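Dear colleague,

My notes on it follow directly after.

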Amino acid sequence: MAFVIAEMMSGLCHLDINGHKLTDIGLLTILRRCHYLKLSEISKPKTTNKGLNGRTVSRVSQHQAEQTTVRMKKKNPLFLPHDLIIQIRLMLPVNSLIRFKCVCKSWFSLISHNTEFANSNLELTSTTHTRRIMLILTPPPKTQSVDIELPLYASASMNNNFLCPQSYFDIGIKGSCRGFILLHCGACFYLWNPSIGHHKQIPLSPIDYIFNLYGFGYDHSTNDYLVVSISRDQIPYSDDVLSHLWLFLLRATVWKEIACTTHLPFYTNVSSLVRQVESFFNGAIHWLALRHDIYDHVIVAFHLTERKLLEILLPIDINYNSKGCGFWVFRGFLSLWILRDDNVDIWVMKEYKVHSSWTKILVLPIYDDIPYFCPLSYTKNGDIIGTDGGTGLVKYNDKGEFLEHNSYCEDAHGFRLAMYTESLLSLPNDKLTMTKLKKTSKQEE
């Protein structure tokens with residue numbers, strides 16, 4: 001009878017065992033199968049129930065306690081405050097958050113459309129965020145994203161969430177900031193966040209010339225992004241040139257010319273081997289340029305909040321007409337690298353804008369099979385990563401010892417590249433832009 005009750009009456013909620021002959025096995029079988037069962041009385045064995053003993057009564061009581069605990073947990077599940085859940089999500093890496101968008105609608109909305117959440121995630125993970133190298137490979141155009149913390153041979157993954165609608169030879173990378181990359185694509189610019197795929201098209205500056213200095217940065221005082229262009233015009237009947245400084249404000253979506261307080265005629269070094277990356281530093285956009293009147297290298301900086309153009313002199317007694325030179329940000333300092341015949345010298349400016357603080361801190365050897373090295377960035381454990389001049393990446397440790405080299409393309413033209421940080425950020429008016437793009441695509445269909 002006990003086995004019949006257990007099999008046929010799993011929803012049983014009440015059972016009076018007094019006056020019934022049940023063995024230990026029979027009673028325990030009913031209890032295991034009838035999870036909602038409540039016993040009206042558990043007492044010492046009576047003459048009519050000789051099969052029950054003290055051990056069975058104890059096991060029945062223990063089972064009742066366990067079932068009560070289970071029911072209480074179902075009625076009162078573990079609860080985490082909503083604010084605490086958000087704080088936990090803020091500390092997660094971007095690639096994990098992107099996967100979590102499919103959990104539910106509220107998570108999708110928070111991760112995809114909450115600007116405050118995206119900004120907080122970038123700020124809270126500033127020391128732990130994933131920094132990557134975006135490679136735009138040779139025709140047909142395709143992009144690969146390289147995680148600099150992983151071994152080079154296993155660090156690349158395809159990124160096809162946006163392909164610039166121009167030929168490969170028209171694509172130039174002009175800067176990056178807060179997860180966005182500025183692409184110069186023929187007759188226009190594109191701002192692209194590779195992590196989430198959002199992109200925005202903006203017009204070229206009114207004076208677009210091959211020697212223009214272009215840059216991209218963020219003005220925290222106005223919560224706006226700016227594209228900066230420094231161009232030059234030849235003054236009629238003179239050997240001198242006139243500089244023009246133009247700003248494109250993303251919120252205003254318009255180019256504005258800024259009057260220069262000083263006469264600074266610059267033009268860029270157009271060496272195809274020099275790759276200027278990560279130019280936004282200390283609230284300013286930086287370029288390595290040639291000064292026209294003295295024909296010498298200088299670092300030009302434009303501070304986005306102060307709207308000021310300034311000049312940073314380089315270390316003296318150095319031959320900058322060597323095989324190559326460039327600047328980058330190394331260990332939190334503005335840094336300069338100079339390529340020699342058999343090594344690369346690394347200099348850092350230990351106090352920003354103080355010329356006397358330039359210090360040479362490292363010399364990297366150059367090997368015969370890798371004749372060129374252009375530093376790009378450094379990993380969390382201090383390794384230095386750079387390009388071999390076109391087709392691959394090279395990594396040294398913090399002592400200047402060679403670690404590894406990996407090629408990513410075989411074409412002689414090599415690749416374009418940019419450093420960027422993973423982020424969930426969208427640009428001002430980005431939702432409006434995406435809506436227009438969707439409407440346009442539907443009309444074309």
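This is a predicted model: local features need pLDDT of at least 70, side-chain atom pairs count only at pLDDT 80 or more; totals for chains, interfaces and linings use all residues.

**Strand pairing and the open sheet**

Ile338 has Asp345 in β21 as its bridge partner. Residues are numbered from 1 along each chain as its sequence is written, and side-chain values use heavy atoms, with hydrogens and water left out.

Strands β20 (residues 333-339) and β21 (residues 343-349) pair in the antiparallel sense over six bridges. Strands here are DSSP runs of E with at least two residues, and helices are runs of H or I with at least four, numbered from the N terminus; two strands pair if DSSP finds at least two bridges between them. The open sheet is made of four strands in the order β19-β20-β21-β22, with antiparallel pairing. Its edge strands, β19 (324-330) and β22 (358-365), each pair on one side only. On average, neighbouring strands of this sheet are turned by 25° against each other, direction ignored (axes are lines fitted to C-alpha atoms, and angles run from 0 to 180 degrees between N-to-C directions).

**Aromatic pairs**

Across the whole structure, 13 aromatic pairs were found. Rings of Phe, Tyr and Trp (its six-membered ring) pair if their centres lie within 6.5 Å; planes under 30 degrees apart count as stacked, over 60 as edge-to-face and the rest as tilted. Phe180 and Tyr225 are edge-to-face because their planes stand at 75°, with the ring centres 5.4 Å apart. This pair links distant parts of the chain, Phe180 in strand β7 (residues 180-185) and Tyr225 in strand β11 (residues 224-234), 45 residues apart. Phe180 is buried at 1% relative accessible area, and Tyr225 is buried at 4% (buried means under 20%, exposed over 50%, partly exposed in between, with a 1.4 Å probe and protein chains only).

Phe373 lies in the loop between β22 and β23 (374-378) and Tyr396 in strand β25 (residues 392-396), so the pair ties together parts that are 23 residues apart in sequence. Phe373 is buried, with a relative accessible area of 1%, and Tyr396 is buried at 1%.

**A residue in helix α4**

Leu84 is located in helix α4 (residues 82-90). With a relative accessible area of 39%, Leu84 is partly exposed.
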